[in-house]
Amino acid sequence: MSIICRKGVMADLPVLLEIEKRSTPKLQYLEGVKDEFFDNTKGELIVAEEDGQPIGFARFSLQYDGSGWLEVLRVDPAHQKKGCGAIIWKRFIELCDIYNVPYVRMYTGATNYASRVLGERNGLHITYTVVEGNLMLENAPDLSADGFEQADCHHCAEAALSPYAEGYHNYFCMNRSFYGIGEPLYKGLVKEGYVWKKEGSALVLGARFLMQNGLHIGMMGGDLDECIRFAVSKLRESGLPKLTAVIPCERDDLKAALEKYGFVFPENQIIMLERKFDR
């Protein structure tokens, strides 16, 4: 018996949802992003099969700057530790070459040793460690913040946000998706309408996908109180269930500022792994 990989099609969805339910019962979101993930013009939904039966899947996505992003790798528990993950990773690296990506990245929990080892075996290394905090709508204070306006061009966004990029290790995160900070990212964020600025302060507020699940603060800088107050006011205005912020693990200033408004940070850390390609 051998495992092969192929492009997923929407007809695969029912069986892939069952695989996701069994493999990561506390983290299921394929249903909510199916239209994007099954669009193989923007990457590839990889399905791993054994004897014609799907046993695992993953998504290779292209980012604003042409980098590769690896996500939602799921293997049916009955087939774990039997080579399926390695076969999917082989396809990941093939796609990196096909799309000529400058970087490829992934994330996992700091304690998820198996996931990290698969990445490291394929040339990725831990580059960034973060913590994730959440503020639930029912705990959000009633706040207002005046003076913020949307950036209407990427030059404006870059001028407003670039002073704070180094404090985020020159990475941006939204929905646990990590991007290198640069002009392509600024262009993409402005197009989505996610960059807000005020004299001396700026933040990114939005969601890569699953907006119905909550808003995300991608990065912020300047007057942190003003930025957080604005984000919380937008959460209450939207009625969405929560507001999430991912920050560098050593940024005690950001953590304290967010906790002041009710954000809760679990102890677990998230790691981002990266490989740079010499093209």
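**Entry 1: the whole chain**

Helices here are DSSP runs of H or I with at least four residues, and strands are runs of E with at least two, numbered from the N terminus. With that settled, I counted 8 helices and 14 strands in the protein. I keep in mind that I am looking at a predicted model.

Next I checked the overall build. The radius of gyration is 19 Å, close to the 19 Å that the globule rule gives for 279 residues, so I can call the protein as compact as a globular protein of that length. Along the principal axes, the C-alpha atoms fill a box of roughly 60 × 45 × 30 Å.

How much of the protein is buried? I found that buried residues make up 51% of the 279 residues. I then looked at the contacts with a separation of 6 or more, and 72% of them come from residues 24 or more positions apart.

**Entry 2: surface and charge**

The accessible surface comes to about 13,000 Å². Carbon and sulfur atoms hold 49% of that surface. I also looked up the charges: there are 32 positive and 39 negative ones, and their mean positions lie 5 Å apart.

**Entry 3: Arg208**

I went to Arg208 and found it in the loop between strand S11 (201-206) and strand S12 (215-221). Which side chain does the side chain of Arg208 meet in a polar contact? It is that of Glu71, at 2.7 Å. I listed the other neighbours too, leaving out residues up to four places away in sequence. Besides Glu71, Arg208 touches Glu36, Phe37, Ser61, Trp69, Met174, Asn175, Ser177 and Tyr179.

**Entry 4: Leu135**

My next stop was Leu135, which lies in strand S6 (residues 125-136). Is Leu135 buried or exposed? Its relative accessibility is 0%, so Leu135 counts as buried; the cut-off for buried is under 20%.

I noted what surrounds this residue, again skipping residues up to four places away in sequence. Leu135 touches Ala140 and Pro141, and also Val232, Leu235, Pro241, Lys242, Leu243, Tyr261, Gly262 and Phe263.

**Entry 5: Arg251**

Arg251 sits in the loop between strand S13 (242-248) and helix H8 (252-259). I wanted to know why Arg251 counts as buried. Its relative accessible area is 17%, and buried means under 20%, so Arg251 falls within that class.

Leaving aside neighbours within four places in sequence, I found Arg251 in contact with Gly167 and Tyr168.

**Entry 6: two positive phi angles**

Asp51 is a residue other than glycine with a positive phi, near 55°. I placed Asp51 in the loop between strand S2 (43-50) and strand S3 (53-62). Asp51 has a relative accessible area of 57% and is therefore exposed, the cut-off for that class being over 50%.

Where is Asn170 found? I located Asn170 in the loop between helix H5 (154-161) and strand S8 (171-174). Phi of Asn170 is near 65°, again a positive value in a residue other than glycine. With a relative accessible area of 40%, Asn170 is partly exposed.

Terms used
Residues are numbered from 1 along each chain as its sequence is written. This is a predicted model: local features need pLDDT of at least 70, side-chain atom pairs count only at pLDDT 80 or more; totals for chains, interfaces and linings use all residues. Side-chain values use heavy atoms; hydrogens and water are left out. The radius of gyration is taken over C-alpha atoms; the globule rule is 2.2 Å times the number of residues to the power 0.38. Buried means under 20% relative accessible area, exposed over 50%, partly exposed in between (1.4 Å probe, protein chains only). Contact means heavy atoms within 4.5 Å. Accessible areas come from the Shrake-Rupley method with a 1.4 Å probe; for residues, only the protein chains shown count as cover. Lys and Arg count as positive and Asp and Glu as negative; His and the chain ends are not counted. The place of a charge is taken as NZ of Lys, CZ of Arg, CG of Asp or CD of Glu. A polar contact is a pair of N or O atoms within 3.5 Å; within protein, one must be able to donate a hydrogen and the other to accept it, and residues adjacent in sequence count only if both atoms are side-chain atoms.
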